[in-house]
Amino acid sequence: MTDGLTRDGFLGGRVQAWQPKDGYRAATDPVFLAAACPAKAGERVLELGCGVGVAALCLAVRVDVHVTGVERQVAYAELARRNGVDVVEADLADLPENLRQMSFDHVIANPPYLIPGAGTAAEDAGREAAFREETPLAIWGAVAKARLKPGGWLTMIHLAERLPEVLAALEGFGSVTVLPLASREGRAAGRVLIQARKGARGAFRLLAPFLIHEGAEHLRDGDDYSATARAVLRDGAPLTFD
């Protein structure tokens, strides 16, 4: 059945994913998340809160890895499976025993951005659950650490304004690097990508902003992505933290 769904393309059409017309719909955030994951061929990746699986699919197109998704919303987990993602239907705070016995080289996550009680609730229940935090960021960090191998990497995307909370949730991680994502030159970052390594001791690094669009304002029809953003969003290029 396709009623109430759309099939949308990512990475220039190389990734096709079924999504609800009216619920949470993946846009660029999961694509940036996948591009920032430093996974190598043959490694194992766990995505916490995978939704319909866009980040997992984009990552698997770029590098030959096995991605396991965790998703608590039944309808989104079913869509992720339909899209070809290996999904465990569970709350990340209460993972099944078999998954708790597994370890991964990487964990990726795009947690809900909005704090409880902030703003107006979305009319669609699935969209509200995807955007409104119910599980504290500290638990996201703890679960990621528990599932990572020693030296494994956590890659996360979140709102820039919540960066202090994200950093506070990274107990047991080091070598933390933050890449701000700014829509245009001269504008404050709206999102941040965070990489952290389990058990590492490297210094904290704050990188120069990654500019998504060209110029200080939108001047012409089209997406006006910067060359580096277009390479990531259209061509599937990695987003490195060098």
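These notebook entries record what I looked up in the structure.

**Entry 1. Ground rules**

I worked on a predicted model, in which local features need pLDDT of at least 70 and side-chain atom pairs count only at pLDDT 80 or more, while totals for chains, interfaces and linings use all residues. I numbered residues from 1 along each chain as its sequence is written, and I took side-chain values from heavy atoms, with hydrogens and water left out.

**Entry 2. Helix 1**

I took helices (H or I, at least four residues) and strands (E, at least two) as DSSP runs numbered from the N terminus. I called a residue buried under 20% relative accessible area, exposed over 50%, and partly exposed in between (1.4 Å probe, protein chains only).

How many residues of helix 1 are buried? I found that eight of its eight residues are buried, and I noted the helix as mostly covered. The buried residues are Asp29, Pro30, Val31, Phe32, Leu33, Ala34, Ala35 and Ala36.

**Entry 3. The largest cavity**

Rolling a probe the size of a water molecule over the atoms shows where empty space is left. I used a 1 Å grid over the protein atoms alone: a cavity is a set of points where a 1.4 Å probe fits but cannot get out, a pocket is an open set with protein on both sides within 12 Å along at least five of seven lines, and lining residues have an atom within 4 Å of a point. Grid points are joined across faces, edges and corners, and a volume is the space filled by probe spheres set on the points.

By this rule I counted one cavity of 30 Å³ or more. The largest cavity holds about 40 Å³ of space. Its lining consists of Leu11, Val31, Ala34, Ala35, Cys58, Arg62, Val232, Gly236 and Ala237. Helix 1 and helix 2 (54-62) are the elements that give two or more residues to this lining. Which element supplies the largest share of the lining? Helix 1 does, with three residues.

I sorted lining residues by type, with Ala, Val, Leu, Ile, Met, Phe, Trp, Tyr, Cys and Pro as nonpolar, Asp, Glu, Lys and Arg as charged, and the others, Gly among them, as polar. The lining of the largest cavity then divides into seven nonpolar residues, one polar and one charged.

**Entry 4. The second largest pocket**

I noted a volume of about 250 Å³ for the second largest pocket. Which residues lie nearest its centre? Of the 16 lining residues, they are Pro38, Gln195, Thr240, Phe241 and Asp242. Helix 1 (29-36) and strand 8 (173-182) each supply at least two residues of this lining. By type, I recorded nine nonpolar, four polar and three charged residues.

**Entry 5. Salt bridges**

I defined a salt bridge as a side-chain nitrogen of Lys or Arg within 4 Å of a carboxyl oxygen of Asp or Glu. My search of the whole structure gave eight salt bridges.

Among them, Arg184 pairs with Asp224, the closest N and O atoms being 2.8 Å apart. This pair links distant parts of the chain, 40 residues apart: Arg184 lies in the loop between strand 8 and strand 9, and Asp224 in the loop between strand 11 (210-211) and helix 8 (227-233). Are these two residues buried or exposed? Arg184 counts as buried at 6% relative accessibility, and Asp224 counts as buried at 3%.

I also noted the bridge between Glu165 and Arg162 at 2.7 Å, N to O. Glu165 is partly exposed at 37%, whereas Arg162 is buried at 3%. In the bridge between Arg81 and Glu89, the N to O distance is 3.9 Å. Arg81 is partly exposed at 38%, and Glu89 is partly exposed at 39%.

**Entry 6. A surface patch**

I built patches from residues with over 30% relative accessible area and no salt bridge, joining like charges within 9 Å and nonpolar side chains (Val, Leu, Ile, Met, Phe, Trp, Tyr) within 5 Å. Accessible areas come from the Shrake-Rupley method with a 1.4 Å probe, and for residues only the protein chains shown count as cover.

Leu167, Phe204 and Leu206 form a nonpolar surface patch with about 290 Å² of accessible area together. Leu167 belongs to helix 7 (residues 163-168) and is partly exposed at 31%.

**Entry 7. Two distances**

I placed Val192 in strand 9 (residues 189-198), where it is buried at 3%. Its C-alpha lies 5.6 Å from that of His158, 34 residues apart in sequence.

I placed Gly151 in strand 7 (residues 148-159), partly exposed at 22%.
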